[in-house]
Amino acid sequence: MENDIIVNRVAGSGLVSLDLEEYYHPGERVVYDIKDNLFQGLLLREKDFREFLKTHDWSVYTGKNVVVVCSEDAIVPTWAYMLLAAKLEPYANVIAFGSEQALEERLFDIALRAIDMEEYRDKKVVVKGCSKRAVPTWAYMQLTQLLKPVAQSIMFGEPCSTVPVYKRPRG
């Protein structure tokens with residue numbers, strides 16, 4: 001019994017853990033619904049919209065992550081979204097279009113592209129599966145694409161229980 005040594009095989013396996021939750025942007029998320037700028041809930045009038053753009057206090061979006069949506073089935077020209085982006089850009093941290101999911105994906109895209117993938121060259125990478133915050137499935141897919149050219153292998157789960165995702169072919 002004295003010679004029984006507990007060996008942590010996971011620690012000695014050379015696995016590197018990557019937790020996408022660590023890349024979750026903590027900043028406030030704000031939805032800007034262009035429906036509030038519509039004339040009779042149907043269409044956007046350029047003159048009224050431009051007046052709104054001039055007088056609105058855009059500083060309220062300082063440091064926030066903003067998704068622009070239109071919750072009404074209305075005629076909104078593309079240039080209106082471009083004008084909103086131009087006004088929000090000096091203040092907002094990130095601007096996205098379409099849905100809160102699109103905003104999360106944009107935030108994760110920025111974070112993932114900032115990772116130095118060389119840290120994972122020729123490594124066995126375990127992408128952690130359980131997290132307290134919602135991580136979009138898209139982020140896992142994007143991470144796989146970014147890791148595949150450099151990692152020896154990619155697994156999903158926890159180091160003690162993984163699902164193989166990719167293994168570089170030999171030779």
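Glu46 is partly exposed, with 39% relative accessible area; on this scale buried means under 20%, exposed over 50% and partly exposed in between, using a 1.4 Å probe and protein chains only. Its side chain meets that of Arg50 in a salt bridge, 2.9 Å from N to O, where a salt bridge is a side-chain nitrogen of Lys or Arg within 4 Å of a carboxyl oxygen of Asp or Glu. Arg50 is partly exposed too, at 38%. Helices (H or I, at least four residues) and strands (E, at least two) are DSSP runs, numbered from the N terminus.

Before going on, a word on the model: it is predicted, so local features need pLDDT of at least 70 and side-chain atom pairs count only at pLDDT 80 or more, while totals for chains, interfaces and linings use all residues. Residues are numbered from 1 along each chain as its sequence is written, and side-chain values use heavy atoms, with hydrogens and water left out.

Back to the charges. Side chains of opposite charge can pair when their charged atoms come close. The structure holds eight salt bridges, and one of them joins the side chains of Asp19 and Lys128 at 3.7 Å, N to O. Asp19 lies in the loop between strand S1 (15-18) and S2, and Lys128 in strand S5 (residues 124-128), so this pair ties together parts that are 109 residues apart in sequence. Asp19 is buried at 12% relative accessibility, whereas Lys128 is partly exposed at 25%.

Another bridge links Lys64 and Glu28, with the closest N and O atoms 3.8 Å apart. Here Lys64 comes from the loop between H1 and S3 and Glu28 from the loop between S1 and S2, so parts 36 residues apart in sequence are tied together. Lys64 is partly exposed at 22%, and Glu28 is partly exposed at 47%.

Step along to Asn65, which is in strand S3. Asn65 is buried, with 0% relative accessibility. Its side chain makes a polar contact with the side chain of Asn93 at 2.7 Å; that term means a pair of N or O atoms within 3.5 Å, where within protein one must be able to donate a hydrogen and the other to accept it, and residues adjacent in sequence count only if both atoms are side-chain atoms. Setting aside neighbours within four places in sequence, Asn65 has contacts (heavy atoms within 4.5 Å) that include Glu28, Val30, Leu103 and Leu107.

Those leucines lead us to helix H3. Leu103 and Leu107 are among the buried residues of H3, as are Glu104, Phe108 and Asp109. What covers the buried residues of H3 includes S2, strand S3 (65-69), strand S4 (94-97) and helix H4 (137-147). How does the helix length check out? With 14 residues (100-113), H3 should span 20 Å at 1.5 Å a residue, and its end C-alpha atoms are 20 Å apart, which agrees; the expected span is 1.5 Å times one less than the number of residues.

Finally, look at Arg168, in the segment after strand S7 (161-167). Arg168 is partly exposed at 30%, and its side chain reaches the backbone oxygen of Val150 at 2.8 Å. Beyond neighbours within four places in sequence, Arg168 is in contact with Asp122, Val150, Ala151 and Gln152. Arg168 and Asp122 are 46 residues apart in sequence, with their C-alpha atoms 9.1 Å apart in space.
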